[in-house]
Amino acid sequence: MATRRGQLLDGVLLLDKPEGLSSNHALQRAKRTVDARKAGHTGTLDPFATGLLVLCMGKATKISGKMLDADKRYLATVFFGAETDSGDLTGTVVSQAGEDFAGVGREALEQAIAGFRGEIQQIPPMYSALKRDGIPLYKYAREGIELERPPRTVMIHRLDLLSCDGRQAVIDVECSKGTYIRTLAQDIGRALGCGAHLVALRRTRIGPFSLDDAITLEQLQAMPTPAQVLLPLDKLPAGLWPAA
């Protein structure tokens with residue numbers, strides 16, 4: 001009988017996912033690098049997005065549910081003047097501002113984003129992994145099919161404008177589970193009447209875990225004993241793992 005590959009490692013790896021990799025590909029590379037037998041992630045990032053992935057090895061996979069339910073924080077770069085079908089730079093432009101569009105003023109943007117703080121309603125994007133009749137919505141979208149999606153209640157705990165040059169803005173968003181930052185960018189663009197989409201997204205926090213404590217794949221792969229960076233079960237933040 002063939003034996004399963006990898007060591008029986010238990011712990012959490014905080015990974016800074018690079019641009020261009022799916023969350024699963026990043027997970028598999030990290031898993032091979034530390035030589036873990038069992039591993040899972042706790043919430044995906046789109047390939048174009050970067051930032052914190054909480055990877056759980058062995059027994060630590062038991063905290064995955066808590067991490068999926070945890071609040072998240074992001075730095076989002078929003079481009080104004082065009083809306084795409086996916087809500088981000090990977091999609092096709094479906095509407096554009098007029099030729100006289102000269103950009104968005106900071107005061108107007110501040111007023112617009114003020115309406116998205118607190119409890120809001122979001123309509124999930126068609127380009128998402130939510131399922132209808134067992135089929136992910138993005139598969140319908142790829143066939144040119146758009147389905148009715150009921151709005152969902154989400155909570156925006158923090159929404160701060162960090163910079164704005166008229167055509168792009170960087171915002172700091174802290175939100176509840178189930179929040180689509182692509183949809184938030186799209187809705188802000190609609191509120192301004194010019195259209196908008198995401199051009200960059202970086203996750204900086206998941207629950208008690210911070211990107212400041214994460215390691216890149218390159219750093220991990222360069223380590224002589226990469227498994228040493230795993231956060232052991234007894235060192236996890238309070239409430240995530242039963243005390244001894």
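Two strands are said to pair if DSSP finds at least two bridges between them. In this predicted model, strand β10 (residues 152–164) and β11 meet that condition, pairing in the antiparallel sense over seven bridges. Within this pair, Arg158 stands opposite Glu174 in β11. The hairpin that β10 and β11 form has three residues between the strands, and Gly166 there takes a positive phi near 100°.

Strand β11 (residues 168–175) also pairs with β4, again in the antiparallel sense, over eight bridges.

Rolling a probe the size of a water molecule over the atoms shows where empty space is left. The largest pocket has a volume of about 1200 Å³. It is lined by 38 residues, and those closest to its centre are Thr44, Asp46, Ala129, Tyr180 and Arg182. The elements that each give two or more residues to this lining are β4 (72–80), α4 (137–142), α5 (181–192) and β12 (196–206). Sorted by class, the lining of the largest pocket has 15 nonpolar residues, 14 polar residues and nine charged residues.

Ser22 is found in the loop that runs between β1 (11–17) and α1 (23–34). Is Ser22 buried, partly exposed or exposed? Its relative accessibility is 23%, so Ser22 counts as partly exposed; the buried class requires a value under 20%. The side chain of Ser22 reaches the backbone nitrogen of His25 at 3.0 Å. When residues up to four places away in sequence are not counted, Ser22 touches Lys17 and Pro47.

Which backbone atom does the side chain of Thr61 reach? It is the oxygen of Gly58, at 2.8 Å. Leaving aside neighbours within four places in sequence, Thr61 is in contact with Lys38, Gly40 and Cys56.

Definitions and conventions:
Residues numbered from 1 in each chain as written. Predicted model: local features only at pLDDT ≥ 70, side-chain atom pairs only at ≥ 80, totals over all residues. Heavy atoms only, no water. 1 Å grid on protein atoms, 1.4 Å probe; cavity = no way out; pocket = protein on both sides within 12 Å on 5 of 7 lines; lining within 4 Å. Points joined across faces, edges and corners; volume = space filled by probe spheres on them. Helix = DSSP H or I, 4+ residues; strand = E, 2+ residues; numbered from the N terminus. Nonpolar A, V, L, I, M, F, W, Y, C, P; charged D, E, K, R; others polar. Buried < 20%, exposed > 50% of the residue type's maximum accessible area, 1.4 Å probe, protein only. Contact = heavy atoms within 4.5 Å. Polar contact = N/O pair within 3.5 Å; in protein donor to acceptor, adjacent residues only side chain to side chain.
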